[in-house]
Amino acid sequence: AALQVTTGPAALITYGLVSLAALFLALALARVATLYPEKGAFYTYAKAWGGHTWGVIAMMSYTVGLVVALGLVARATGDMLSASFISLTPVTLSIGLVALLVAANLAGALIAKTGQIILMALTYLPIAVISILCLLKADTSNLHPFMPHGWMSIFQAVPLVIFGFFGFESIPSLFSEIKDPQRNVPKAVTLTILLVGITYMLFASAIFLGLPSALFTSGSPDQLSAALISLYPHFTWLVSLINWAIIIALTGVLHSMIWSLSALIVDTSSYILPAQTSLSRRQALLALGGAIITSCVIF
């Protein structure tokens with residue numbers, strides 16, 4: 001919806017450029033993971049370049065940056081949930097969601113993995129439904145004018161697009177939990193970007209082909225619902241479908257990043273802290289959950 005207003009169909013070029021840039025990053029990360037097949041990810045990689053101090057700086061910078069980002073994602077999810085749970089404040093809903101996801105991770109790797117698979121499936125389902133509905137109304141004339149806001153809009157749209165790739169760099173953090181990690185971590189990083197990039201390109205293409213830009217007057221998320229309902233006036237369930245699709249997608253981000261970052265904290269603590277004070281997975285999850293909640297409340 002935001003891209004229709006700020007960039008137009010030329011945003012497809014943005015998706016292509018960002019996908020390519022993310023793929024280059026993924027290939028570089030996969031190469032480093034192959035060269036240094038050890039747990040600790042960013043600490044290990046930075047230490048190989050600048051020693052222990054730079055390893056600690058890299059790890060702390062990554063952790064703090066993610067905690068702030070995840071606090072904001074949690075708050076955004078709480079804001080959207082408040083439309084369905086009007087008796088609770090967005091902050092209360094955000095805190096409850098983070099606590100629930102931490103509890104799911106505390107329950108064990110099998111439950112965490114199963115939960116992530118379910119969230120992924122529930123994310124792809126609405127993408128497929130919306131894509132099909134848009135393609136049924138596809139008209140190449142909707143791609144004209146292709147670049148209504150000039151060529152600079154292609155680059156100005158990068159921040160909107162790149163958020164969708166948030167988190168792929170965390171895959172090496174799960175090194176100690178992945179079967180045959182020396183082979184599978186590089187493969188997972190690369191295939192993830194290819195899958196996500198192709199998904200976004202197909203999804204965006206369907207929307208630009210099926211929905212005339214005239215239907216979009218603002219960049220708000222509910223604008224996509226309004227545009228679809230104007231073409232399918234009897235499909236009032238589309239509003240709930242899109243709102244819950246966004247909630248589930250953001251929840252999936254929170255769930256996977258809590259899982260991977262807690263694993264990274266545990267692995268790195270064995271390098272940074274004395275052996276008798278290294279963190280357990282439970283301690284890491286509780287500390288991380290508290291930090292994300294604090295970030296959510298502050299920001």
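Modeller: Accessibility comes first: with a 1.4 Å probe and protein chains only, a residue is buried under 20% relative accessible area, exposed over 50%, and partly exposed in between. The model is predicted, so local features need pLDDT of at least 70 and side-chain atom pairs count only at pLDDT 80 or more, whereas totals for chains, interfaces and linings use all residues. Residues are numbered from 1 along each chain as its sequence is written, and side-chain values use heavy atoms, without hydrogens and water.

Colleague: How many aromatic pairs are counted here?

Modeller: Rings of Phe, Tyr and Trp (its six-membered ring) pair if their centres lie within 6.5 Å; planes under 30 degrees apart are stacked, over 60 edge-to-face, and the rest tilted. The count by this rule is ten aromatic pairs. In one of them, F163 and F166 are stacked, at 6.0 Å centre to centre with 10° between the planes. F163 is partly exposed at a relative accessible area of 45%, and F166 is partly exposed at 25%. Another stacked pair joins Y232 to F235, at 5.1 Å centre to centre with 10° between the planes. Here Y232 is buried, at 11%, while F235 is partly exposed, with 27% relative accessibility.

Colleague: Which residues do ring pairs link into a cluster?

Modeller: The cluster consists of Y15, F165 and Y200.

Colleague: Let us turn to the helices. At what angle do the axes of α4 and α5 cross?

Modeller: Two packed helices are described by the angle between their axes and the distance between the axes. Helices (H or I, at least four residues) and strands (E, at least two) are DSSP runs numbered from the N terminus. Axes are lines fitted to C-alpha atoms, for helices over the stretch in contact, with angles from 0 to 180 degrees between N-to-C directions. An angle under 35 degrees is roughly parallel, over 145 roughly antiparallel, 65 to 115 roughly perpendicular, and the rest oblique. A crossing is left-handed if the near helix is turned anticlockwise from the far one by less than a right angle, and right-handed if clockwise. Contact means heavy atoms within 4.5 Å. Ala, Val, Leu, Ile, Met, Phe, Trp, Tyr, Cys and Pro are classed as nonpolar, Asp, Glu, Lys and Arg as charged, and the others, Gly among them, as polar.

In this model, helix α4 (residues 52-81) and helix α5 (residues 90-106) have axes that come within 7 Å and cross at roughly 120°. The two are therefore oblique to each other, and their crossing is right-handed. On α4 the contact is made by A74, R75, T77, G78, D79 and L81, and on α5 by P90, V91, L93, S94, L97 and V98. By class, these are seven nonpolar, three polar and two charged residues.

Colleague: Which residues of α11 and α12 make their contact?

Modeller: The axes of α11 (237-272) and helix α12 (residues 281-298) come within 9 Å and cross at roughly 125°. That angle makes α11 oblique to α12, and the crossing is right-handed. I258, W259, L261, S262, A263, I265 and V266 of α11 meet R281, A284, L285, L288 and I292 of α12. This contact divides into ten nonpolar residues, one polar and one charged.

Colleague: Which residues of α3 are buried?

Modeller: In helix α3 (residues 42-50) the buried residues are F42, Y43, T44, Y45 and A46. Their cover includes α2 (11-35), α4 and α11. After α3 comes G51, with a positive phi near 90°.

Colleague: Where do A41 and D180 lie, and what are their phi values?

Modeller: Most residues other than glycine have a negative phi, and most peptide bonds are trans. A41, in the loop between α2 and α3, has a positive phi near 40° and is buried, at 0% relative accessibility. D180 has a positive phi of about 50° and sits in the loop between α8 (158-162) and α9 (181-210); D180 is partly exposed, at 38%.

Colleague: Which residues does a cis peptide bond join?

Modeller: H144 and P145 are joined by a cis peptide bond, with omega about -5°. P145 lies in the loop between α6 and α7.

Colleague: Is N142 buried or exposed?

Modeller: N142 is buried, at 13% relative accessibility, and is placed in the loop between α6 (109-136) and α7 (152-156). Neighbours within four places in sequence aside, N142 contacts P9, K137, F208, L209, G210, L211 and P212.
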